Amino acid sequence: MVQGTIVSRRAIVQHDAGRSPPLPEKVAHMPELPEVETVRRGLEPAMVGRTFVRVEQRRADLRFPFPQHFSDRLTGTTVTDISRRGKLMMAGLDSGEVLLMHLGMSGGFAILDNAPETPGRFYHRRDNQPDQAGRHDHVVFEMSGGATVIYNDPRRFGFMGLERSDELTASRHLRNLGPEPLGAEFTGQYLATALAGRQTSLKAALLDQRLVAGLGNIYVSEALHHARLSPRRLAASASARNGRSIRAERLVVAVREVLAAAIEAGGSSLKDFAHTDGGLGLFQHRFAVYDRAGTQCPRTRCGGTIKKIVQNGRSTFYCPACQR
DNA sequence: AGTCGAGCCTGCTGGC
DNA sequence: TGCCAGCAGGCTCGAC
């Protein structure tokens with residue numbers, strides 16, 4: 001299932017328990033960059049090159065109000081491509097507009113595909129069945145080619161927008177986004193410069209989408225552990241000294257590796273979906289520190305114990321022994 | 001300008 | 001057993 005909900009992923013893990021041992025570790029449960037990328041890839045076959053035959057908008061707003069005449073502006077247009085910036089998905093339309101889709105923290109898509117070659121059917125309910133009341137199914141796209149794409153979002157922190165493609169970069173949802181963490185722009189030198197003078201924690205700085213786009217609470221904790229840097233460290237202290245910052249360089253590598261591994265795990269779940277009765281979105285990704293307070297640090301020969309602290313009102317997990 | 005907290009929202013969990 | 005407070009978090013806005 002293409003989404004980022006806790007319930008579904010756990011449910012599927014349990015559902016599949018007969019084939020593979022149940023995972024004692026936590027599975028990813030909120031849409032950060034890797035989850036969004038997986039969703040994007042899952043939407044492509046159902047939407048790209050397809051036309052919106054019918055668009056059903058079931059409520060006036062999510063996190064923000066829907067754009068004016070939302071369904072009318074989509075109906076009859078064809079999707080040219082689906083891309084991503086940070087946690088934001090963008091479907092290019094042949095009308096010259098771009099459909100923006102953000103999953104917030106509980107958003108996800110279900111695809112009912114009537115095409116015979118892909119008899120997939122997936123929902124993110126505990127029982128893998130459609131929400132009976134359809135209570136949180138807020139948008140329904142009926143696409144040419146037979147797929148019905150349903151946006152579900154219990155907490156409604158997600159949103160959809162429509163922008164003219166030539167005004168896209170000026171959109172308030174895009175204009176402040178920092179570089180893609182997996183792109184060429186995100187280098188040690190960039191990060192060192194961006195962190196210079198910042199009097200906040202490294203954790204808070206990395207969560208700032210203006211600094212780098214796509215990291216959330218989970219992957220920031222993971223990346224900092226990977227880089228052996230304390231989330232409590234002053235951001236500025238990871239910036240350049242004598243024109244070079246070992247710490248910033250280490251952090252860039254860690255961010256890239258952690259995200260790439262998670263995308264890989266998500267990609268596997270997409271691939272598996274084609275061969276099952278509907279388990280897309282299963283992230284069997286394991287975390288080193290996130291939500292693992294009290295357990296032993298997975299780093300070889302570290303021997304530390306993972307600790308949970310609260311920074312800026314959010315939980316942070318790290319190993320005080322190896323993260324400095 | 002940079003930093004931080006409130007608030008949005010619902011579902012799950014843990015404590016009584 | 002049942003109830004309910006507390007927690008979870010991405011993003012924007014407002015306060016300092």
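Student: In strand 4, which residue is the bridge partner of R85?
Tutor: Strands are DSSP runs (E, at least two residues), numbered from the N terminus; helices are runs of H or I, at least four residues. Strand 4 covers residues 88-93 and runs antiparallel to strand 3. In strand 4, R85 has as its bridge partner L88.

Student: What kind of model is this?
Tutor: Residues are numbered from 1 along each chain as its sequence is written, chains are lettered from A and ligands numbered from 1 in the order in which they are written, and side-chain values use heavy atoms, leaving out hydrogens and water. Local features need pLDDT of at least 70, side-chain atom pairs count only at pLDDT 80 or more, and totals for chains, interfaces and linings use all residues, for this is a predicted model.

Student: Which strands stand at the edges of the sheet?
Tutor: Two strands pair if DSSP finds at least two bridges between them. Four strands form an open antiparallel sheet, in the order 3-4-5-9. One side is left without a neighbour in the sheet for each strand with a single partner, so the edges are strand 3 (79-85) and strand 9 (159-164).

Student: Is C322 buried or exposed?
Tutor: C322 lies in the segment after strand 11 (314-318). Buried means under 20% relative accessible area, exposed over 50%, partly exposed in between (1.4 Å probe, protein chains only). C322 has 14% relative accessibility, so it counts as buried.

Student: How far apart in space are C322 and H226?
Tutor: In sequence, C322 and H226 are 96 residues apart. In space, C-alpha to C-alpha, the distance is 9.8 Å.
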